[in-house]
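Visitor: I would like to learn how to read pockets, ring pairs and strands in a model. Can we take them in turn?

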Amino acid sequence: MYFTKADIDARRARLAAQWNNVLKNDEAILVYSGYPVQKPGGLDQTYPFLPHPSYYWLTGRRREEEVILYNRHTGWIEFQKAWTREQSVWEGEKHDLLVQEPGKDIQHLKSYMETQRFSRVYQLGQVPGNPPVEDNALTLRTLLQQTRRVKDAAEVKLIRHIAGIAAYGYRELEQMIRPGVSEMEVRLAFEMQTFRHGGHAVPYDTIVGSGPNAAILHALPTTRIIGNNEFVLVDAGASVYDYCVDITRTFPSSAAMDTRHKALYELVLSVQQDCISKTLAGTFWHDIHNHAAREFTRGLLSFGILKGDLSGLIEKEVIAAFFPHGLGHLVGLHVRDTGQEENPSPRIYSGARLRVDIQLEAGHLITVEPGLYFIKALLEEPGFVKKYQEDINWNELEHWKHIGGVRIEDNILVTASGNENLTETVPKATHI
């Protein structure tokens with residue numbers, strides 16, 4: 001088992017301490033695991049069930065149609081669904097529970113709630129019918145998100161193990177990426193190695209973009225054949241019981257790459273390493289993002305792609321055309337971990353909308369993934385060309401467009417004394 005009863009009890013105690021500041025004595029909270037979703041036209045077929053992460057984090061259980069209740073006096077009470085004979089016939093014995101503690105039968109939930117006569121019941125998790133979230137429920141949900149954002153030792157141990165699984169996949173790619181190989185072959189090679197070494201699934205569709213396709217942020221692999229002197233951008237992870245890592249590497253297809261490819265890669269790698277060093281407790285994430293944007297602007301100015309005054313270019317946010325996304329996101333339990341409850345209207349920093357806009361704390365696990373791209377849809381849009389006519393050296397830019405892009409991503413655990421790169425064993429193309 002990856003999580004023990006002591007791990008689960010400690011999580012609940014941390015959360016109860018937060019909820020007790022808001023919850024009245026005669027109020028209760030229900031956290032739902034969720035329900036299977038039927039496939040369109042699939043008759044009795046459903047999508048593979050994923051428990052709501054909040055329920056899963058509080059119980060270690062991954063079964064559908066279950067609920068955990070919290071009240072200041074009763075504490076935590078689990079209502080679980082019995083495994084039926086029909087399920088045993090069709091699906092076999094279920095082995096996906098990390099912790100198994102007997103709870104009350106889910107059929108008794110309604111009568112239990114009637115006897116308790118709570119003045120108010122808040123519903124969290126995957127609530128039946130997806131009703132609108134009330135203000136107090138939103139406060140309680142935000143406290144839950146903020147609490148489970150801080151990873152405990154058992155979670156870190158599991159994620160570190162998953163990073164080791166993903167490293168097998170990337171080591172395979174380091175050896176097999178070369179001219180003549182297709183993007184789809186790259187995907188298959190990575191996934192085969194991760195499954196072979198214990199991965200349960202991929203946490204998101206594996207991204208592979210070669211040459212100009214590396215400029216597509218979420219490029220799905222195609223039958224395109226990798227050519228000489230090209231970058232191959234691979235954004236792929238591994239998952240075990242819904243915990244995961246999210247990693248990006250950019251590999252050269254040839255032993256000797258031209259000077260522009262080298263310069264672009266070295267700039268992105270340098271900015272990533274610099275940003276990792278700044279990923280510390282007490283630091284605001286948007287400050288690190290702004291630092292990456294500033295250094296990228298400085299780099300493109302030195303390449304001759306941008307022209308003019310550095311401060312003026314930063315103020316105009318020209319870099320957003322080349323670095324259009326945020327620097328990273330929380331990761332761990334699912335690839336976009338804990339959401340961003342307290343940030344319903346994300347602000348714009350250096351031209352990018354940041355969904356993660358928090359002050360980092362020890363225990364946060366966040367991706368650091370700066371990238372530079374030459375995206376034709378942005379760079380050739382008439383309004384953009386007109387707006388930045390005097391800020392971009394358009395003739396020089398033509399020499400770079402074929403490169404596609406470079407992104408490098410690691411998963412960084414913020415600690416009390418600094419940080420730890422949980423994916424540092426995954427190989428990078430340090431020499432191009």
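Guide: Start with residue classes. Ala, Val, Leu, Ile, Met, Phe, Trp, Tyr, Cys and Pro count as nonpolar, Asp, Glu, Lys and Arg as charged, and the others, Gly among them, as polar. By that scheme, the lining of the largest pocket has 13 nonpolar, 7 polar and 10 charged residues. Keep in mind that this is a predicted model.

Visitor: What volume does the largest pocket have, and which residues lie nearest its centre?

Guide: The space in the largest pocket is about 960 Å³. Its lining takes in 30 residues, and Thr46, Tyr47, Pro48, Phe49 and Lys94 lie nearest the centre. Two elements, α3 (85-91) and β7 (231-240), each give two or more residues to this lining. The element that gives the most is α3, with 4 residues.

Visitor: How many residues line the second largest pocket, and of what classes?

Guide: That lining has 28 residues. They divide into 11 nonpolar, 7 polar and 10 charged. Nearest the centre lie His218, His329, Arg336, Arg355 and Glu369. The volume of the second largest pocket is about 590 Å³.

Visitor: Next, aromatics. What describes a pair of aromatic rings?

Guide: Two values: the distance of the centres and the angle of the planes. The whole structure has 16 aromatic pairs. One of them joins Tyr170 and Phe190, edge-to-face, with 4.9 Å centre to centre and 65° between the planes. Tyr170 belongs to helix α6 (residues 153-176) and Phe190 to helix α7 (residues 183-196), so this contact ties together parts that are 20 residues apart in sequence. Both Tyr170 and Phe190 are buried.

Visitor: What geometry do Phe296 and Phe323 show?

Guide: Phe296 and Phe323 also pair edge-to-face, at 5.2 Å centre to centre and 80° between the planes. Phe296 is in helix α9 (residues 285-303), and Phe323 is in the loop between α10 (310-316) and β9 (348-349), so the pair links parts that are 27 residues apart in sequence.

Visitor: Why does Phe296 count as buried?

Guide: Buried means under 20% relative accessible area. Phe296 counts as buried because its relative accessibility is 0%. Phe323 counts as buried too, because its value is 1%.

Visitor: Which residues form an aromatic cluster?

Guide: Phe303, Phe322, Phe374 and Trp400 form one. The charged end of Arg11 sits over the ring of Phe3, 4.3 Å from the ring centre. Arg171 lies over the face of Tyr168, 5.6 Å from the ring centre.

Visitor: Last, strands. How do side chains alternate in a regular strand?

Guide: In a regular strand they alternate between the two faces of the sheet. Take β6 (residues 207-210): Ile207 and Gly209 point one way, Val208 and Ser210 the other way. All of these residues are buried.

Visitor: How many bridges join β6 to β7, and do the strands run parallel or antiparallel?

Guide: There are 4 bridges, and β6 and β7 run antiparallel. Within this pairing, Ser210 stands opposite Val232 in β7.

Conventions
Residues are numbered from 1 along each chain as its sequence is written. This is a predicted model: local features need pLDDT of at least 70, side-chain atom pairs count only at pLDDT 80 or more; totals for chains, interfaces and linings use all residues. Side-chain values use heavy atoms; hydrogens and water are left out. Rings of Phe, Tyr and Trp (its six-membered ring) pair if their centres lie within 6.5 Å; planes under 30 degrees apart count as stacked, over 60 as edge-to-face and the rest as tilted. Buried means under 20% relative accessible area, exposed over 50%, partly exposed in between (1.4 Å probe, protein chains only). A charge sits over a ring if NZ of Lys or CZ of Arg is within 6 Å of the ring centre and within 35 degrees of the ring normal. On a 1 Å grid over the protein atoms alone, a cavity is a set of points where a 1.4 Å probe fits but cannot get out, and a pocket is an open set with protein on both sides within 12 Å along at least five of seven lines; lining residues have an atom within 4 Å of a point. Grid points are joined across faces, edges and corners, and a volume is the space filled by probe spheres set on the points. Two strands pair if DSSP finds at least two bridges between them.
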